[in-house]
Amino acid sequence: KKTLDLGLYIGITGVVTYKNAEMTRDVVKYTPLDRLLVETDAPYLAPVPFRGKRCDSSMLSYTIETIAAIKNISPQAISDITAQNAKKLFNI
């Protein structure tokens, strides 16, 4: 809440796909869509089913799919929304 109150974004990594990551899933539930970003945290924290391997951007779809399931919207919507959020954040 403090992060959002400061006007910051919340970056979600592959950790959200881990079965013991309930706190991260709660953060996703709480965070408004216009404040979410998706990131790799490369080279660490690859999403399931790549856990323990070197993480890269080709694995983002697993994180996006998990966020979409939590938010009950399509993965394409999460992809579009988080891309727009990144463009806004980085002024591109």
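Buried means under 20% relative accessible area, exposed over 50%, and partly exposed in between, with a 1.4 Å probe and protein chains only. This is a predicted model, where local features need pLDDT of at least 70, side-chain atom pairs count only at pLDDT 80 or more, and totals for chains, interfaces and linings use all residues. Residues are numbered from 1 along each chain as its sequence is written, and side-chain values use heavy atoms, without hydrogens and water.

**Helix α4**

Helices (H or I, at least four residues) and strands (E, at least two) are DSSP runs, numbered from the N terminus. Helix α4 covers residues 75-90. Its 16 residues should span 22 Å at 1.5 Å a residue, and the end C-alpha atoms are 22 Å apart, which agrees. That expected span is 1.5 Å times one less than the number of residues.

| Residues of α4 | State |
|---|---|
| I78, T82, N85 | buried |
| Q76, K88 | exposed, on the other side |

The buried residues of α4 fall within an arc of 55° seen down the axis, so they line one face. The arc is taken from the directions from the helix axis to the C-beta atoms. Cover for these buried residues includes β2 and α3. N91 follows α4, with a positive phi near 55°.

**Core**

A nonpolar core joins buried Ala, Val, Leu, Ile, Met, Phe, Trp, Tyr and Cys residues through side-chain atoms within 4.5 Å. The largest has 11 residues, including I12, V16, V28, I67 and I78. Elements giving two or more residues to this core are β1 (10-12), β2 (36-38) and α3 (60-71). α3 gives the most, three residues.

V28 touches I12, V16, I67, I70 and K71, leaving out residues up to four places away in sequence. Contact means heavy atoms within 4.5 Å.
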